[in-house]
Amino acid sequence: LPVPNYFELLGGEDTFRLLVDEFYAGVAEDPVLRPMYPEEDLGPAKDRLRLFLIQYWGGPNTYSQERGHPRLRMRHAPFVIGEVERDAWLRHMRHAVDVLELTPELDRMLWDYLERAAFFMVNKDL
Ligand code: HEM
């Protein structure tokens, strides 16, 4: 039996581009999250998140070719992430996932991961 390719099942490249575009449109307007981003231009951050998610779900590993091992908790250490930041991140991400209009099964699979990953990234008052 072939191993399911979740990257393809989720809709490939187009899905992740749309997801991250929608998510960052929210971040760009967010009074808590926007100031956390060190760069004026959100474009490069957007590319990094898109390439990471594509790699995570089994698509091309361009992220690691460009950035090395993800080490996401370590890479988030410079930013103070508490409940407020986590919940703002998840709110924009929930909206972005809604826009994808996935089947309920794929929606739940993607969302469960994003929710767990966001809780894992909290680094304030642990
Ligand atoms: C980078 C904030 C959760 C994936 C960043 C950056 C900020 C940030 C400010 C730096 C922007 C950049 O230059 O790339 C947050 C906040 C979160 C959160 C407030 C709330 C919980 C997550 C989660 C994931 C994620 C859950 C993955 C599912 C990434 C990736 C990068 C990044 C891949 C770029 C890492 C690199 O290669 O340098 N995040 N993040 N973040 N974040 Fe998050």
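**Helix packing and the ligand shell**

Good morning. Helices α2 and α6 pack at an angle of about 145°, their axes lying 8 Å apart; axes here are lines fitted to C-alpha atoms over the stretch in contact, and angles run from 0 to 180 degrees between N-to-C directions. Helices are DSSP runs (H or I, at least four residues), numbered from the N terminus. The model is a predicted one, in which local features need pLDDT of at least 70 and side-chain atom pairs count only at pLDDT 80 or more, while totals for chains, interfaces and linings use all residues. Residues are numbered from 1 along each chain as its sequence is written.

From α2, the contact with α6 includes T15, L18 and F23, and from α6 it includes H92, M93 and L100; contact requires C-beta atoms, placed from the backbone, within 7 Å.

Let us turn to the second pair. Helix α2 (residues 12-28) packs with α3 at an angle of about 140°, with the axes 9 Å apart.

Which residues come nearest to the ligand? Of the 20 residues around the ligand, they are A45, R48, F52, W89 and A117, where near requires a C-beta atom, placed from the backbone, within 6 Å. The elements giving two or more residues to this shell are α3 (43-56), α5 (72-76), α6 (83-100) and α7 (104-120). Helix α3 gives the most, with 4 residues.

Note on methods
Two residues are in contact if their C-beta atoms, placed from the backbone, lie within 7 Å.
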